[in-house]
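Here are a few notes from my pass through this one. Have the structure open as you read.

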Amino acid sequence: MRGLLRASSLLLCGVILIQLLAAQIHAQSKKPKSPWPTLTGDPPLVIARGGFSGLFPDSSYDAYNFAILTSVPDAVLWCDVQLTKDALGICFPDLTMSNSSSIEAVYPTRQKSYPVNGVPTSGWFTIDFSLKDLKDVNLIRGILSRSEKFDGNSNPIMTVQSVSTQMKPSFFWLNVQHDAFYAQHNLSMSSFLVAASKTVLIDFISSPEVNFFKKIAGRFGRNGPSLVFRFLGQDEFEPTTNRTYGSILSNLTFVKTFASGILVPKSYILPLDDQQYLLPHTSLVQDAHKAGLEVFVSGFANDIDIAHDYSFDPVSEYLSFVDNGNFSVDGVLSDFPITASASLDCFSHVGRNATKQVDFLVITKDGASGDYPGCTDLAYKKAIKDGADVIDCSVQLSSDGTPFCLSSIDLGNSTTVSLTAFRNRSTTVPELGSLGAIYTFSLTWAEIQTLTPAISNPYRVTSLFRNPKQKNAGKLFSLSDFLSLAKNSTSLSGVLISVENAAYLREEQGLDVVKAVLDTLTQTGYSNSTATKVMIQSTNSSVLVDFKKQSQYETVYKVEENIRDILDSAIEDIKKFADAVVIQKLSVFPVAQSFITTQTNVVEKLQKSQLPVYVELFQNEFLSQPYDFFADATVEINSYITGAGINGTITEFPFTAARYKRNLCLGRKETIPYMAPAQPGALLTLVSPTAFPPAEAPNPVFTDADVTEPPLPPVTAKAPTSSPGTPSTNAQAPSGQTRITLSLLLSVFAMVLASLLLL
């Protein structure tokens with residue numbers, strides 16, 4: 001009987017265990033799979049290199065504090081640890097101090113020279129100064145292309161302990177770049193770190209030196225910091241093994257013996273070709289994860305020239321490392337942690353068909369003209385693919401009256417016409433410009449179709465070039481082709497047709513651009529269609545009045561000037577002929593010395609009068625943005641949409657604006673710090689007043705007089721002239737103006753040739 005009871009008890013226990021096991025398995029099957037293919041399944045870490053060092057002096061209080069304020073809650077603060085003469089650890093970006101501090105001004109005669117990894121190096125080394133010596137030394141920018149306006153903020157050099165106690169970071173990362181150098185000077189980095197760990201919570205320690213890890217092995221206990229081996233250039237030699245980093249990379253199991261992670265430059269994962277385009281990704285992340293190593297990536301900054309594939313958009317670059325469908329790195333080391341934070345939390349794992357969180361019009365400027373030559377088939381097709389709501393056509397007329405799309409009436413601005421035989425068609429037209437140009441009305445449409453388009457490069461002087469491989473790609477579009485493309489698109493909500501120089505063309509060239517546009521709209525089936533909205537834009541009220549008389553299309557008045565205010569009476573005048581208004585970015589957020597000073601009430605006043613406001617011109621290049629937007633086009637768009645409340649963006653990069661609509665952070669109730677709009681003038685409060693020259697004169701107020709224009713003149717028949725002829729014919733008989741131009745060119749060429757012969 002007792003045996004039977006025991007058997008029953010065992011059976012009951014077995015049943016219970018099976019049920020518990022089944023419940024556990026069921027619970028595990030219900031647990032959602034992490035969307036992050038990182039080693040742990042956790043989101044990648046945002047590591048702020050020296051704090052927000054893209055704006056403030058590296059490793060300064062301002063930089064660390066701003067990084068905490070604008071990043072994800074678990075952002076990691078990075079400190080490059082250097083040792084002073086008295087063996088104390090400071091956070092400073094390099095061994096030598098002249099590039100990022102005022103040391104040279106404080107101690108002008110204390111420069112020395114030492115070998116660093118076998119290379120003789122001169123400078124003001126941390127090992128020659130005690131912490132007390134450095135009390136009067138302040139941190140300044142280390143990269144000269146960045147703003148110097150924060151250099152006068154008296155940011156002192158911070159110790160490892162002061163960063164920990166004052167900042168209280170969620171995670172703290174100490175990077176030891178030159179342990180061997182300190183050892184040569186009888187300073188022990190490992191001893192400092194072990195001592196510091198008793199009062200400072202250190203989460204990560206990295207170094208590019210293998211022997212350093214041997215020194216600290218086992219010295220922090222079981223719950224010590226994660227150890228990360230830092231790779232430098234693949235052809236550089238690791239100083240303690242005399243092996244290249246490329247050769248060490250081929251043996252990740254060796255790295256795993258002393259480190260739990262690796263820190264690599266971006267090119268180790270996504271290499272570039274010699275023209276700065278992406279090559280296929282390597283298998284490094286997958287290989288490292290298989291070896292049990294986390295992968296962190298260095299080199300992220302918004303204000304550097306990145307791969308052309310990203311179209312100058314830093315968010316796209318981050319997403320290529322964390323949300324590419326193949327792998328995700330475990331952390332990114334960034335000078336601009338606000339962008340890294342937004343990329344991970346707001347834009348990762350968001351499909352192109354995701355729900356839109358905000359509604360505004362994405363209007364193109366010459367199509368996707370940041371990626372292809374403007375007003376070409378490729379620019380328009382990419383704009384549609386990228387999610388533009390409205391594509392635009394700046395209408396020009398050829399000599400035979402064909403309307404077509406081109407950004408300027410001057411063919412030289414958008415094509416390579418100056419390299420063709422048509423260069424002798426150059427004329428000077430005072431109404432259009434003070435210099436000679438080859439105008440659209442000087443060539444027939446057949447001749448214009450033979451021209452090669454040229455991509456716009458507004459920042460050529462700073463060597464920021466757009467998509468060089470496609471700089472002359474695509475073909476020019478007639479207005480008819482443009483309208484047909486738009487009509488066949490299922491995603492577009494409208495087209496915007498820009499009309500300028502109408503009075504000149506009527507009076508001087510006998511060409512009626514208003515009639516040409518209206519006729520083409522009728523011929524392509526737009527006059528009776530409501531499926532695709534048509535907007536007509538002009539800076540001339542007389543043009544819009546003429547369109548209003550002859551059609552029911554929406555009209556958009558463009559204010560070219562930067563204005564600080566607009567009179568109510570001027571708004572009432574505009575409402576008589578316009579349904580919406582385009583203003584410039586600086587008419588919303590005025591800027592001085594690349595800092596936003598305030599916000600005008602122009603948008604508010606126009607919207608109160610039921611006039612939607614579209615703003616131009618949005619570009620991705622960081623040079624197009626004031627410092628308040630942190631060299632990030634998405635921060636800029638957010639500030640205009642969420643902050644100023646505009647109704648649409650006019651952009652050369654429609655993908656960036658269209659992606660912003662699907663921003664996950666906009667759907668949350670609370671305000672996310674890295675998605676808060678820039679506060680006008682707030683950044684200026686962190687700048688010493690002595691850093692600015694006297695204030696410039698304010699922008700003007702827009703008045704009734706700026707709106708009022710006489711009616712468009714009638715079309716004046718052009719006096720008979722000789723046929724434009726073929727390029728070769730014109731080359732044989734240039735106009736008088738052309739003869740002058742050519743003679744000047746020949747004179748300059750002769751002088752240059754003579755000077756070369758004298759060398």
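This is a predicted model: local features need pLDDT of at least 70, side-chain atom pairs count only at pLDDT 80 or more; totals for chains, interfaces and linings use all residues.

1. Let's start with Ser328, which sits in the loop between helix H11 (314-322) and strand E16 (331-334). Leaving aside neighbours within four places in sequence, Ser328 is in contact with Trp36, Pro37, Thr38, Pro44, Val285, His289, Phe321 and Val322.

2. Is Ser328 buried or exposed? Ser328 has a relative accessible area of 0%, so it counts as buried, the cut-off being under 20%. As for its side chain, a polar atom there lies 3.5 Å from the backbone oxygen of Val322.

3. Next, Cys79, which you'll find in strand E2 (residues 76-83). Cys79 also comes out at a relative accessible area of 0%, so call it buried. Its contacts, once neighbours within four places in sequence are set aside, are Tyr64, Ile90, Cys91, Val160, Phe172, Trp173, Leu174 and Asn175.

4. Now helix H18 (residues 541-550). Which of its residues are buried? They are Ser541, Ser542, Val543, Leu544, Asp546 and Phe547.

5. And what covers those buried residues of H18? Among the helices, the cover includes H16 (502-509), H17 (513-523) and H23 (704-707). Strands E20 (494-499), E21 (533-538) and E22 (554-558) are also part of that cover.

Conventions
Residues are numbered from 1 along each chain as its sequence is written. Side-chain values use heavy atoms; hydrogens and water are left out. Helices (H or I, at least four residues) and strands (E, at least two) are DSSP runs, numbered from the N terminus. Buried means under 20% relative accessible area, exposed over 50%, partly exposed in between (1.4 Å probe, protein chains only). A polar contact is a pair of N or O atoms within 3.5 Å; within protein, one must be able to donate a hydrogen and the other to accept it, and residues adjacent in sequence count only if both atoms are side-chain atoms. Contact means heavy atoms within 4.5 Å.
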